[in-house]
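Colleague: Please pick one part of this model and take me through it slowly, in a single connected answer. Give the cut-off for each term when you use it.

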Amino acid sequence: MQDNLHSPHRLLIELRIEHADLDNLIDLTAEKQPVDELALRRLKKRRLMLRDQISRLETMLDPKEPA
């Protein structure tokens with residue numbers, strides 16, 4: 001059971017959920033007036049880092065076969 005909690009597949013799901021949550025938070029932050037540009041930039045940077053982590057994990061779990 002403990003192995004399941006820390007499996008790469010579970011981590012991938014958690015990262016995707018966090019990425020989606022950040023998308024929503026970025027949308028909400030961008031709608032507020034006045035816009036907090038620094039907070040928005042930080043959220044976008046975090047979202048990009050998550051996207052990179054997700055991509056690396058997806059590649060590790062499902063590597064592309066050579067042509």
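Modeller: Isoleucine 13 lies in helix H2, and H2 is the part described here. Helices are DSSP runs of H or I with at least four residues, strands are runs of E with at least two, and both are numbered from the N terminus. This is a predicted model, in which local features need pLDDT of at least 70, side-chain atom pairs count only at pLDDT 80 or more, and totals for chains, interfaces and linings use all residues. Residues are numbered from 1 along each chain as its sequence is written, and side-chain values use heavy atoms, with hydrogens and water left out.

Start with the length of the helix. H2 has 24 residues and reaches 35 Å from its first C-alpha to its last, close to the 34 Å expected at 1.5 Å a residue. The expected span is 1.5 Å times one less than the number of residues.

Isoleucine 13 has a relative accessible area of 48%, so it is partly exposed. Buried means under 20% relative accessible area, exposed means over 50%, and partly exposed is in between (1.4 Å probe, protein chains only). The buried residues in H2 are Leu12, Leu15, His19, Leu22, Ile26 and Thr29. An α-helix has 3.6 residues a turn, so residues three or four places apart point the same way.

What covers these buried residues includes H3. H2 and H3 pack at an angle of about 155°, with their axes 9 Å apart. The axes are lines fitted to C-alpha atoms, for helices over the stretch in contact, and angles run from 0 to 180 degrees between N-to-C directions. H2 and H3 are therefore roughly antiparallel to each other. Angles over 145 degrees count as roughly antiparallel, those under 35 as roughly parallel, those from 65 to 115 as roughly perpendicular, and the rest as oblique.

Between H2 and H3 there is a loop, and proline 34 has its place there. The peptide bond from glutamine 33 to proline 34 is cis, with omega near -5°.

Now take two of the buried residues in turn. Histidine 19 is buried because its relative accessible area is 15%. Leaving out residues up to four places away in sequence, histidine 19 touches Arg47, Leu50, Arg51 and Ile54; contact means heavy atoms within 4.5 Å. Histidine 19 and methionine 49 are 30 residues apart in sequence, and their C-alpha atoms are 9.4 Å apart in space. Methionine 49 is found in helix H3 and, at a relative accessible area of 43%, is partly exposed.

Threonine 29, also in H2, has a relative accessible area of 12%, so it counts as buried. With residues up to four places away again left out, threonine 29 touches Val35, Leu40 and Leu43. Seen from leucine 43, by that rule, the list is Leu22, Leu25, Ile26 and Thr29.

The last item is the nonpolar core. A nonpolar core is a set of buried Ala, Val, Leu, Ile, Met, Phe, Trp, Tyr and Cys residues joined through side-chain atoms within 4.5 Å. The largest one has nine residues: Leu12, Leu15, Leu22, Ile26, Leu40, Leu43, Leu50, Ile54 and Leu57. The elements giving two or more residues to this core are H2 (8–31) and H3 (37–61). H3 supplies the largest share, five residues. In soluble globular proteins, nonpolar side chains tend to be buried together.
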